[in-house]
Amino acid sequence: MGKVKTVYWIRHAHAIHNERQEHAERQLLESFPGSSAATASKEYRQARKAALKIALNGIDVFDSPLSSKGCEQADALRVEASKLVADAGVEVVLTSSLRRTVATAWTAFGKLVPVIAHDELREIAGAFDCEKRVRLSVTTAMFPHVDFSACSEEDTLWVQQYREATAQAVNRGVRALELVMAREEKTLAVVSHGAFSSGAVFGSPHSRIKSSCDPPRLNCEVRAVQIVENADGTFILTPVHKSKL
């Protein structure tokens, strides 16, 4: 077996763009009542695309911060974070450099272990303002004790087309696993995003990633995963059951 690490992969707490998307989805369901067939129609898909374009763009969701609900979730995560550090041996937290992930990581783990931000762990970076990142100097002023030394000052990832962003994210998923496995620590936590975790890590189509794990889908959900990096450069991701923690 190659290099092995245990990673607690966490989706960020509820953010403003989540709030706006949920509101848009509720309004859509009111406009398309009835069976699931209605929501599978071409008309529904077109309406949803238009609604999300409105919900996920705008100055209030630019590098979307946590909502009030998300702040409460991040506070509540401190209890589990303390157990992960004290009992499971988490030594460091790697987080996406977007504000919602940094806020989640720092609130839950900040006084326990080092928190280090990486652009590689960001959400699929395209089409929507909520996936753009503010200048690094803005975020560092908000979180002065987080290590941002691996991040660029300007947002160099965001692209206009979502398809291009998705392809970029798949390659970033490999780089994200490389940086996790390059760490000296044996047990880490990662705070990242729903679509990136699902499509670029746990469900990645990349030939170097083989995963039998479900991604964390809920806000502040924690997934324990064993990651093995083989000599041929492939990564094997398998779930760690609670009885083994």
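Student: Where is Asp63 found?

Tutor: In this predicted model, Asp63 lies in the loop between helix 3 (42–55) and helix 4 (68–86).

Student: Why is Asp63 called buried?

Tutor: Buried means under 20% relative accessible area. Asp63 has 0%, so the label holds.

Student: What is the phi of Asp63?

Tutor: Phi is near 50°. That is a positive value in a residue other than glycine.

Student: Which other residue has a positive phi near 75°?

Tutor: Ala127, again a residue other than glycine. Ala127 sits in the loop between strand 3 (115–118) and helix 6 (136–142).

Student: Why does Ala127 count as partly exposed?

Tutor: The partly exposed class runs between the buried limit of 20% and the exposed limit of 50%. Ala127 has 23% relative accessibility, so it belongs there.

Student: What is Ala127 in contact with, leaving aside neighbours within four places in sequence?

Tutor: Asn57, Trp158, Val159, Gln160 and Tyr162. Contact here requires heavy atoms within 4.5 Å.

Student: How far apart are Ala127 and Gln161, in sequence and in space?

Tutor: They are 34 residues apart in sequence. C-alpha to C-alpha, the separation is 5.5 Å.

Student: What makes helix 5 (residues 99–109) largely enclosed by the rest of the structure?

Tutor: Nine of its 11 residues are buried, so helix 5 is largely enclosed.

Student: Which residues of helix 5 are buried?

Tutor: Arg99, Arg100, Thr101, Val102, Ala103, Thr104, Ala105, Ala108 and Phe109.

Conventions. Residues numbered from 1 in each chain as written. Predicted model: local features only at pLDDT ≥ 70, side-chain atom pairs only at ≥ 80, totals over all residues. Heavy atoms only, no water. Buried < 20%, exposed > 50% of the residue type's maximum accessible area, 1.4 Å probe, protein only. Helix = DSSP H or I, 4+ residues; strand = E, 2+ residues; numbered from the N terminus.
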